[in-house]
There are 2 protein chains.
Amino acid sequence: MATLKQVAAHAEVSVQTVSNALNAPHRLRAATLQRVTRSIELLNYRPNRNARSLRTSAVELIGYCVPSWPNGQAHLVMDQFLHALCASAESSGRHILLFTAPVGVEGMPVYEDLHARRLVDGFVLSQTETHDPRHGWLKEQLIPFVSFGRVWKESTQPGPWVDVDGAGGCAAAVRHLHETGRRRIGFLSWPKTSGLAEDRLSGWQTSCRELGLPSNHELAFRCQEDTIDAGARGTAELLDADPGIDAIVAISDILALGALRELTRRGLTAGVDIAVTGFDDSPLASVVSPALTSIRQPMDQIATELIDILTAPAPAGSTERLLQPELVVRGSSAPG
Amino acid sequence: MATLKQVAAHAEVSVQTVSNALNAPHRLRAATLQRVTRSIELLNYRPNRNARSLRTSAVELIGYCVPSWPNGQAHLVMDQFLHALCASAESSGRHILLFTAPVGVEGMPVYEDLHARRLVDGFVLSQTETHDPRHGWLKEQLIPFVSFGRVWKESTQPGPWVDVDGAGGCAAAVRHLHETGRRRIGFLSWPKTSGLAEDRLSGWQTSCRELGLPSNHELAFRCQEDTIDAGARGTAELLDADPGIDAIVAISDILALGALRELTRRGLTAGVDIAVTGFDDSPLASVVSPALTSIRQPMDQIATELIDILTAPAPAGSTERLLQPELVVRGSSAPG
DNA sequence: CGGGTGCGTTTGAACGTTAAAACGCCGGTC
DNA sequence: GACCGGCGTTTTAACGTTCAAACGCACCCG
């Protein structure tokens, strides 16, 4: 492995000149630059990142805690997110360092340690929970971070975040269903304790009101868990309570899959008799039949914004960016 | 941030003594060790990893290329794998560094670069493809790596690997179905080009023969893609070709889900009329109804072996470890 | 009592890089 | 011709750690 020293010797210049050739080429005379560049290529030189980091005290690594849900719940779009995050990081010369940590405040020593040992410059948080303690803690420790997802039920948002407008997404779904002739739209949700759920539900509710559609609470059902079974049962409840329902907006693809199953069981055809939409546009959405209309989170954009905020020179107060999801229309809400 | 120097000053010893207190405590007199330890704790000292790595030229970071499948196919168990991999790495003081790279040989410069710049010590490969060029290339460059998954269709295995015995898993499924009274077991597979598919299919075939069950090729259907639809169509083909089939072993959970759907469509009950098993025990398996019997890859063990091989002092030739998956029995193959 | 032998500790040097300051040279100005 | 300013390059020092060697001391042995 070639070092600066060896390149310098080969190009017959000082070590610092080679360093400048890489970091501040404008300082060199054209002839020198060319000579050094040639030596660099000839020796296949690559800067040693550790030495550089030691000197500059910046490691260009961003920590991300790989989530694990004990109940074996699916992260159906996590690979998309990770890929986008990596790509964005790389486009600014950075990388993602994965780690595990206990959820909640017990995990904070892990974050502190990674930062103190200089393994990472900062963190990207996700799987933000209601009253998530991490944001406040990191802010207090002056450790750079940015959150994917707002901290629900916190009066002030501690620190910068990027999030997707769940309410807007659901509203878009409702509008789409309305445009395609549906007039009685149910909502399949999660328990009230989830900020995410309340956000998305509010989008369904307000857009129904705006369009003059019913949004009474019999039309919204809260499933206790995010499973296909729960979605099917919820759908059954909705249809039993109000047989006039002609569309169902589900808060997740999994619940939507449950809805599809229940419809099939009742001899109804999804997209024809009753329209169904999901959320996240997970790989499953395009793999079922009829394919599932779903609300896609703009992963590339999310990742770009996250990295952008985290690596911006001055945090300049709390940066907050709400991105719009995209409705992907498929057979389960076929026009008609 | 405290440094060795500051701790040394506080404990009134030399810098090297503090270093020894951490890396070779047996060299210190008990009294000194205690004094130094106290100072370390008092100053909340954490070793700077960059400085350490610069000196020792080992970064304790392992590169993993986060896969991206263009067709949006699901990595339903990737989060499990990543979590296990991180946890294993951490238990030996290491971490996982994520990156993206083009598939095939065009991606190799990325691997080389990461290693040359000392961002990683070595690599864990997965998503091994038929004739995967990475293994041979890395071996040639003397870059440490270990592969999750064998390189199919390669006369000699270039480099160490850990893999799951797909044939053994499918054989276990067949035996389980035989024990619960099934006598005509179909197999739902992928195209012949996949080494993974041939491995698993061979397990079905040999175990059927051993048990005196039919395994003629009308009982095996190759789906063109890994989708629920394809699984449903494949199941229809199988049942139409041989109405006597009383069980189906699917090569993936997704195909198995397709089988479940086709059974429902035909008014058959999975687990009662026809048993179904999947592969991978993805989060979906426990979330459908009837819940899906599936073959679970031992992720924790896989990860442990991977890290173990990669960080073992001397590679000592090609290390190869074939692990046994575990059959998780659920309703879709209910006894009787 | 001189000369090993260990043990615990310190000293000196090095890992490869970059920031800051110093240097030498050239052309222009007074 | 002495002085200045700018440019391109080199020198010096430092980042925080560990390795290897040296050191001081107590102990044991002949």
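**Where the chains meet**

Modeller: Let us start with a pairing across the two chains: strand 2 (residues 95–99) of chain A and strand 2 of chain B pair in the antiparallel sense over three bridges. Strands here are DSSP runs of E with at least two residues, helices are runs of H or I with at least four, and both are numbered from the N terminus. Two strands pair if DSSP finds at least two bridges between them. This is a predicted model, where local features need pLDDT of at least 70, side-chain atom pairs count only at pLDDT 80 or more, and totals for chains, interfaces and linings use all residues. Residues are numbered from 1 along each chain as its sequence is written, chains are lettered from A and ligands numbered from 1 in the order in which they are written, and side-chain values use heavy atoms, with hydrogens and water left out.

Biologist: What is the area buried between chain B and chain A?

Modeller: Contact means heavy atoms within 4.5 Å, and 52 residues of chain B are in contact with 52 residues of chain A. Buried area is the accessible area (1.4 Å probe) that two parts lose on being put together, summed over both. Carbon and sulfur atoms give 62% of this area, and its total is about 4,600 Å².

Biologist: How many salt bridges does the rule find across the interface of chain B and chain A?

Modeller: A salt bridge is a side-chain nitrogen of Lys or Arg within 4 Å of a carboxyl oxygen of Asp or Glu. One of them joins the side chains of Glu112(B) and Arg46(A) (3.4 Å, N to O). Across the interface of chain B and chain A, the number of salt bridges found is four.

**Inside the chains**

Biologist: Is His135(B) buried or exposed?

Modeller: His135(B) sits in helix 7 (residues 134–140) of chain B. Buried means under 20% relative accessible area, exposed over 50%, and partly exposed in between (1.4 Å probe, protein chains only). Because its relative accessibility is 1%, His135(B) counts as buried.

Biologist: Which side chain makes a polar contact with the side chain of His135(B)?

Modeller: A polar contact is a pair of N or O atoms within 3.5 Å; within protein, one must be able to donate a hydrogen and the other to accept it, and residues adjacent in sequence count only if both atoms are side-chain atoms. Not counting residues up to four places away in sequence, His135(B) touches several residues, including Leu125(B), Phe145(B) and Ser147(B). The polar contact, at 3.0 Å, is with the side chain of Ser147(B).

Biologist: Why is strand 6 of chain A largely enclosed by the rest of the structure?

Modeller: Ile185(A), Phe187(A) and Ser189(A) lie on one side and Gly186(A) and Leu188(A) on the other. Strand 6 (residues 185–189) of chain A is largely enclosed because the number of its five residues that are buried is five.

Biologist: What is the bridge partner of Ser189(A) in strand 7 of chain A?

Modeller: Strand 6 of chain A runs parallel to strand 7 (residues 220–222) of chain A, joined by three bridges. In strand 7 of chain A, the partner of Ser189(A) is Arg222(A).
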